Amino acid sequence: MEITHTSPVLDADAVEHLRQFGTEIAYTPGSVILRRGEVGQSFYVILAGSVEISVENPQGDRLKLRELGEGNFFGEISLLIQSPVTADVMASRPLKVLVCSKDSFLAALADSATLGATLSRVLASRLAANTTDLWSLHQ
């Protein structure tokens with residue numbers, strides 16, 4: 001089963017602001033960046049390429065939740081609510097990301113109200129999409 005949609009992305013100003021707080025890292029297709037259940041340590045912004053967000057059910061079937069591309073981000077949930085990573089994240093194409101440690105991510109948020117508002121908008125959009133997906137699965 002696959003659930004995917006396009007979600008809003010960070011604008012160029014937000015990405016440039018975050019560059020002050022992070023480091024660029026490249027991954028090859030198939031590289032696992034985050035595993036469900038791990039302790040999250042970083043916030044990632046996709047500069048080029050894409051990632052697949054997925055989970056595995058108890059029967060071993062993989063459920064693709066979404067594909068994220070340039071300007072999108074991941075890793076924020078575990079940092080913001082101090083919980084384990086909620087899904088697996090794997091590079092689906094050659095990938096370049098901006099990686100911010102937890103402290104750097106929180107400093108970037110404190111430094112820019114606009115960044116916080118942008119992240120809130122994207123997260124609200126994702127929540128709405130997830131709610132719609134869950135509803136449709138039960139119909």
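**Exercise 1. Which residues of helix 1 (residues 12–19) are buried, and where do they lie around the axis?**

Solution. Start with the list: Ala14, Val15, His17 and Leu18 are the buried residues of helix 1, where buried means under 20% relative accessible area, exposed over 50% and partly exposed in between (1.4 Å probe, protein chains only). Helices (H or I, at least four residues) and strands (E, at least two) are DSSP runs, numbered from the N terminus. Next, look down the axis: these residues cover an arc of only 160°, which puts them on the same side of helix 1. The arc is that of the directions from the helix axis to the C-beta atoms. Finally, turn to the other side of helix 1, where Ala12 and Asp13 are exposed.

A word on the model before going on: it is predicted, so local features need pLDDT of at least 70, side-chain atom pairs count only at pLDDT 80 or more, and totals for chains, interfaces and linings use all residues. Residues are numbered from 1 along each chain as its sequence is written, and side-chain values use heavy atoms, leaving out hydrogens and water.

**Exercise 2. Work out the order of the open sheet and find its edges.**

Solution. First, read the order: 4 strands form the open sheet as 2-7-4-5, with antiparallel pairing. Two strands pair if DSSP finds at least two bridges between them. Then find the edges: strand 2 (32–34) and strand 5 (62–68) each have a single partner strand, so one side of each is left without a neighbour in the sheet.

**Exercise 3. Which strands does strand 8 (residues 95–101) pair with, and how many of its residues are buried?**

Solution. Begin with strand 1 (residues 23–27), joined to strand 8 by 5 bridges in an antiparallel arrangement; here Ile25 stands opposite Val97. Move on to strand 3 (residues 42–48), which is also antiparallel to strand 8 and joined to it by 6 bridges; in this pair, Ala48 stands opposite Lys96. To finish, check the cover: 5 of the 7 residues of strand 8 are buried.

**Exercise 4. What sets the phi of Gln82 apart, and is Gln82 buried or exposed?**

Solution. Most residues other than glycine have a negative phi. Gln82 is not a glycine, yet its phi is positive, about 50°. Locate Gln82 in the loop between helix 2 (76–81) and strand 7. With a relative accessible area of 64%, Gln82 is exposed.
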